[in-house]
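Hi,

Here is the structure we talked about handing over.

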Amino acid sequence: MTVDDQNGAPLALDTLAVREALPRTPYGENSEALFLTSSFVHPDAATAAARFAGEQEGFVYSRFSNPTVSSYERRLAALEGAEACMATGSGMAAILLLAMAMLKAGDHVICSQGVFGSTINLFGRELARFGVETTFVSQTDVSQWAAALRPNTRLLFAETPSNPLTEVCDIAALADLAHGAGAELVVDNCFCSPALQRPLDFGADWVIHSGTKYLDGQGRVIAGAVCGKAAPIHDKLLPVQRTVGLSLSPFNAWVVLKGMETLGVRMQAHSAAALAMAQWLQTQPAVGRVFYPGLESHPQHALAMRQQKTGGAVLSFELKAADAQQAKARAFHVIDQTRICSITANLGDTKTTITHPATTTHGRLSEAQRQAAGIGQGLIRLAVGLEDVSDLQRDLSRGLQTLV
Ligand SMILES: *Cc1c(COP(=O)(O)O)cnc(C)c1O
């Protein structure tokens, strides 16, 4: 079903999340169909030729065009307020596709040092081998981004809030900086999803998604996407996608399409539970600092509340301890005493996940790098799911109570 502005009024996110997709097929299905087909048949040779040449609309081959994947792209573009979207097989594939389409050897990128670990490796290690140089700067200090600008800077790459300390980037300030220097701003919007934050509204040029997280929302499939303006997506990203095949499976697209239908209500519920958990953790004697943008104690609470509808679903907290060794033992104790939380580094699931960043997501960093990033041995990350909040509090209490 194609959603248009029936009375000229823009449709709200919750409506688009349920309704925006390709038009129904002649069978009149109410739920979007799953097209598990690698190729598409043409009525005659001339039509095949026109479709292959891109002169006529029509599906050709699922490496770069598939109706279920198109519905996923249309829905996500609508949610982000973007002109267009290109689906990819994973969130990392989305970043790679954008980099391959927009960068060449000799170009320069500025990236927050607070981004997802694999993103750091992609820019700092893999793309460096192809002559793209990246400078990593502070998540929160815009003057460091300004100082890193060069004539050949093409992209600024940010992720907000950051993992696990929930530090917030000023999207509008970074967009102004990028545009003043002839560069573009990319924002990885995994943690908030468009239900809570729309980076394009603040001037970002590109939005990256790992559909694996809140868009699916139930921890089932790997998926990704790049959202942005229609012209560069059609002229620059599509030819690269067609050639390199960082494609999303139609089945995974279909799963995430279903997930997006409930994105709004889920993000509200995740956020309410995360805020309740953050407030409760602040009252626990064994807990030192709690990091959550929805708390007034968060250093960038005001900025976060300008950019985001809520504090989001992810928080972290530090256990009080005499030294790093005791902090690690205490963190492991609290994690191991849980019976409900899943001990896993994933997030964006209905199931609450609990993580010790220093030995998992940030385990490959040196102790000095971890110190610089503020990730101590007593830090625990919680990606709050949709279980009952008092059950989650009792689950954490079991370990916390025995520490004091
Ligand atoms: C998970 C994640 C990614 C990578 O997504 P995949 O789908 O796992 O490839 C990128 N950025 C952020 C912020 C993530 O949380």
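Below are notes on a helix pair, the ligand site and one loop. Bear in mind that this is a predicted model.

Helix pair. Start with helix α4 (residues 91-102) and helix α5 (residues 117-126). Their axes come within 10 Å and cross at roughly 30 degrees. Angles under 35 degrees count as roughly parallel, so α4 is roughly parallel to α5. The crossing is right-handed. From α4, the contact uses Met-92, Ile-95 and Leu-96. From α5, Ser-118, Thr-119, Leu-122 and Phe-123 take part. By type, the contact residues of α4 and α5 split into 5 nonpolar and 2 polar, with no charged ones.

Ligand site. There are 13 residues around the ligand. Gly-91, Asp-188, Ser-210, Thr-212 and Lys-213 come nearest. A backbone N or O atom of Gly-91 sits 2.9 Å from a ligand oxygen atom. For Met-92, a polar backbone atom is 3.0 Å from an oxygen atom of the ligand. Met-92 also belongs to the α4 side of the helix contact. Asp-188 places a polar side-chain atom 2.6 Å from a ligand nitrogen atom.

Loop. Now look between β4 (153-159) and α7 (171-180), where Pro-161 lies. The peptide bond joining Thr-160 and Pro-161 is cis, with omega about -5 degrees. Pro-164 is in the loop between β4 and α7 too. The bond from Asn-163 to Pro-164 is cis, with omega near 0 degrees. Thr-166 also has its place in that loop. Thr-166 is not a glycine, yet its phi is positive, at about 55 degrees. For context, most residues other than glycine have a negative phi, and most peptide bonds are trans.

Best wishes

Terms used. Residues numbered from 1 in each chain as written. Predicted model: local features only at pLDDT ≥ 70, side-chain atom pairs only at ≥ 80, totals over all residues. Heavy atoms only, no water. Axes fitted to C-alpha atoms, helices over the stretch in contact; angles between N-to-C directions. Helix = DSSP H or I, 4+ residues; strand = E, 2+ residues; numbered from the N terminus. Parallel < 35°, antiparallel > 145°, perpendicular 65-115°, else oblique. Left-handed = near helix turned anticlockwise from the far one by under 90°. Contact = heavy atoms within 4.5 Å. Nonpolar A, V, L, I, M, F, W, Y, C, P; charged D, E, K, R; others polar. Near = heavy atom within 4 Å. Polar contact = N/O pair within 3.5 Å; in protein donor to acceptor, adjacent residues only side chain to side chain.
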